[in-house]
Amino acid sequence: MFSFEGYRPVDLSPRLKARVYRVDGSIEEGNTDPYGRPWVMKEGRFPADNSLFTLYAAPPGGDEAWHQERMTTHHGSHLQGGKGHISHWSGVPEEMKGLWEMPLTTFIGEASVCNLEGLEPRAIAEASEYPLGAGMAMKSREGDVRGQEIKPEHLGNVQVGDIVLMTSPFTGLEQPWLSTATCDWLINDRKIKMLGIGAPGIEWQYDLKLPAPDNSPVRRALLGANVPIAHPLVNIDTLTRDRVFYVGLPLRFTKSEASFIRAIALEQE
């Protein structure tokens, strides 16, 4: 009989509390995910039996916590695939899959834990050594202290066919950053199934505003190779072993580019 006896479950999903508009007119305050995005919900009544339900949406026109009524499955820990997400971009492969087309084994299995605490930020010699970050205003200059590039030699415990969980203790522009060259190594040499990214900790959403096909190189590389990305994850730094068993399943519905997940790691005690 299969058993998890002797394994410690570690929750990798942040605990979120919704900001709820109650039917009595009150507002129950909530918190945000690691990216600062809130969960906003509206309470309602089911007329048949007067039971209560909550809708995943802000009031019409938004509120002070969220600027629009509708929200997406990119809030909180979630998994994103390529089809329906970036399939309209120029330069992406036609054979890119959606989450609903990937086997369950993509989202469950052995995982390598990569805590890059040793990649301390340093002054860069040339601005070209560091990507543009989340916006053009983050362009670096010589001498600026920035995170180091994550290279294959920093990921020595990643085995062929792994799920990879990646984090660091650094924040902002001091986070180590995932380069396209390392993505290529993860895809073609290590043939990883999925990448899970701690936040804060890893800079990977950079060069977003460049003209296609150079924009968002990490997302292009991984999703284009049908390697889904789970983020933002937490508590990867609390794992004491460099290999764990990971589970983070998307909801079972089609034509959605992303899905909420409850991500956990099972670590041998």
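Helices (H or I, at least four residues) and strands (E, at least two) are DSSP runs, numbered from the N terminus. I note that this is a predicted model, in which local features need pLDDT of at least 70 and side-chain atom pairs count only at pLDDT 80 or more, while totals for chains, interfaces and linings use all residues. Residues are numbered from 1 along each chain as its sequence is written, and side-chain values use heavy atoms, with hydrogens and water left out.

Entry two, the neighbours of E13. I found strand E11 (residues 163-167) joined to E13 by 4 bridges, the two running parallel, where DSSP must find at least two bridges for two strands to pair. Within this pairing, Ile163 has Met194 as its bridge partner in E13. I then found 3 bridges from E13 to strand E14 (residues 229-233), again running parallel, with Leu195 opposite Ile229 in E14.

Is E13 mostly covered or uncovered? I find that 5 of the 5 residues in E13 (residues 194-198) are buried, that is, under 20% relative accessible area, with exposed over 50% and partly exposed in between (1.4 Å probe, protein chains only). Met194, Gly196 and Gly198 point one way from the strand, whereas Leu195 and Ile197 point the other way.

I searched the whole structure for aromatic pairs and found 6, counting rings of Phe, Tyr and Trp (its six-membered ring) with centres within 6.5 Å, and calling planes under 30 degrees apart stacked, over 60 edge-to-face and the rest tilted. One of them, Phe4 with Tyr7, is edge-to-face at 6.5 Å centre to centre and 80° between the planes. The pair of Phe4 and Phe245 is tilted, because its planes stand at 50°, with the centres 6.1 Å apart. This pair links distant parts of the chain, since Phe4 lies in the segment before strand E1 (7-11) and Phe245 in strand E15 (residues 243-247), 241 residues apart. I record Phe245 as partly exposed at 25% relative accessible area. Ring pairs link Phe4, Tyr7 and Phe245 into a cluster.
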